[in-house]
Amino acid sequence: MAGQTLYDKLWSRHFVDELDDGSSLIYIDRHLLHEVTSPQAFSGLKTNNRQPWRIGANIAVPDHAVPTRKRELGVAGIADRVARRQVETLTENCQHFGIPLIELEDVRQGIVHVVGPEQGLTLPGMTIVCGDSHTATHGAFATLAMGIGTSEVEHVLATQTLRTQKQKNMRVRFDGPMGLGVTPKDMILALIGRIGTAGGTGYAIEYSGDAIRDLSMEGRMTICNMSIEAGARAGMVAFDAVTEAFLRDRPHTPAGADLADAVEYWRSLHSDEDAVFDREEVFDLGKLVPQVTWGTSPEMVTGIDGSVPVPESLASPAERNSLTRALDYMGLTPGQSLKGVPVDKVFIGSCTNARIEDLRSVANLVRGQKVHRSIQQALIVPGSGLVGLQAEREGLDTIFRKAGFEWRSAGCSMCLGMNDDRLSSGERCVSTSNRNFEGRQGKGGRTHLASPVMAAAAALTGEITDVREL
Ligand SMILES: CC(C)[C@H](C(=O)O)[C@@H](O)C(=O)O
Ligand code: SF4
């Protein structure tokens with residue numbers, strides 16, 4: 001019998017039962033909650049007079065609707081009525097059911113996918129779910145982590161299991177050293193550019209190769225985070241010494257003899273040598289250049305030396321139409337080179353790129369420099385209060401402020417238009433987030449996805465810039 005993939009191991013160790021319709025029931029170890037996708041799930045429990053099956057498996061944190069300014073005001077400081085109600089409802093529901101909550105005023109508050117790993121709540125070998133599509137982030141820790149919908153949130157709360165379909169196995173191998181100015185964000189954008197936003201549909205992706213082994217946990221999380229943008233619900237990386245070092249001494253990581261036992265088990269969390277994958281993709285990183293999106297889907301991406309595609313070059317009328325529509329929305333001309341496109345705003349943040357390493361890389365670039373006078377707003381939003389605190393201890397906030405960036409409190413912020421940080425219609429933004437859909441950062445806003453250093457470079461020059469030339 002062929003060996004098992006990491007995904008197969010995680011799956012079989014959590015498999016509970018096969019259901020009549022061919023789907024499976026799997027056990028869930030960790031359930032993360034936030035204010036947007038939990039209210040109806042909690043109402044459902046109340047209506048049916050049910051209690052959460054295992055309270056301690058859950059942890060909640062508000063992140064999407066929170067303001068990134070004036071946090072000392074707490075929930076009362078949320079100006080938008082709907083946003084305030086969402087955060088209040090999360091608090092009430094957590095109190096009602098006894099679910100642990102990290103509140104707005106807590107220094108540990110932040111984007112749920114940054115908080116989980118930071119607190120050691122995300123541990124190798126776990127199945128992890130959250131009513132949020134970027135849950136795949138946690139797969140960087142050799143977990144099976146998937147986004148779920150609100151009705152599934154209720155199901156998980158009530159039964160600690162998830163009804164789901166077994167996926168096929170895809171391995172993406174990244175080989176070779178990365179060039180200057182190339183980051184994990186460029187790796188995942190290039191993958192999405194190659195296989196498309198539906199390329200990973202039906203697969204669980206395992207990222208491997210020496211380039212992945214050489215990455216920090218922060219970098220691995222950036223890559224796993226965008227698995228969903230490649231169509232896959234789950235993305236993962238094998239456990240190794242880097243994973244272990246990151247988790248040591250975190251509040252919820254086991255300690256002492258328990259840690260030794262855990263590590264022994266965690267060492268089994270890799271694909272066997274002879275495991276068979278249904279699909280494989282191989283990337284030679286020597287050829288990779290910094291990436292930037294030009295359209296309204298993450299697959300509409302090119303190297304910074306590239307240009308906007310020309311509709312006439314496409315054979316199918318449907319593809320021509322969708323390209324023309326994307327270019328109209330983005331205010332770009334066919335064939336135009338991306339370098340030099342003027343930018344209005346810059347956003348450095350989100351669960352893709354708001355961890356300490358991201359902030360350090362930006363600080364190294366902007367130290368002693370100034371945000372270009374044509375930039376209306378350049379925001380830097382840490383992924384969690386603790387990331388923010390660490391950055392402040394290192395003096396990064398001073399570097400950012402001196403350069404003309406706004407340094408904010410943790411939250412999803414301008415990644416999506418659910419809080420005060422938004423684009424206005426027609427505004428163009430280089431953003432380190434993960435989605436460039438129409439209206440994503442505010443109605444009519446134009447998003448170019450890129451790495452933190454590419455976003456910082458745009459802030460300094462006022463236009464889309466090749467960071468390698470600074
Ligand atoms: C609001 C939430 C349900 C959503 C998601 O599932 O991903 C958001 O986090 C996003 O990034 O679009
Ligand atoms: S930072 Fe963006 S992508 Fe991540 S959870 Fe928040 S809204 Fe979703």
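By class, how many nonpolar, polar and charged residues does the shell around ligand 1 have? In this predicted model, the shell around ligand 1 has 2 nonpolar, 5 polar and 1 charged residues. The residues that surround ligand 1 are Val36, Thr37, His64, Asp132, Ser133, His134, Gly147 and Leu416.

Around ligand 2 stand Asp63, His64, Ile111, Asp132, His134, Ser350, Cys351, Cys412, Cys415, Leu416, Ser433 and Asn434, and the shell they form divides into 5 nonpolar, 5 polar and 2 charged residues. At least three residues of the shell around ligand 2 come from domain 1 (6-164), and at least three from domain 3 (294-469). His64, Asp132, His134 and Leu416 belong to the surroundings of ligand 1 and also to those of ligand 2.

The two shells are set out by class below.

| Shell | Nonpolar | Polar | Charged |
|---|---|---|---|
| Ligand 1 | 2 residues | 5 residues | 1 residue |

Turning to the strands, an open sheet is formed by 3 strands in the order E1-E2-E7, with antiparallel pairing. Strand E1 (15-18) and strand E7 (161-164) each have a single partner strand and stand at the edges, so one side of each lacks a neighbour in the sheet. On average, and with direction ignored, neighbouring strands of this sheet are turned by 25 degrees against each other. The antiparallel pairing of E1 with strand E2 (residues 24-27) runs over 3 bridges, and Phe15 has Ile26 as its bridge partner in E2.

Notes. Residues numbered from 1 in each chain as written. Chains lettered and ligands numbered in written order. Predicted model: local features only at pLDDT ≥ 70, side-chain atom pairs only at ≥ 80, totals over all residues. Near = placed C-beta within 6 Å. Nonpolar A, V, L, I, M, F, W, Y, C, P; charged D, E, K, R; others polar. Domains from an automatic or database assignment. Pairing = 2+ DSSP bridges. Helix = DSSP H or I, 4+ residues; strand = E, 2+ residues; numbered from the N terminus. Axes fitted to C-alpha atoms, helices over the stretch in contact; angles between N-to-C directions.
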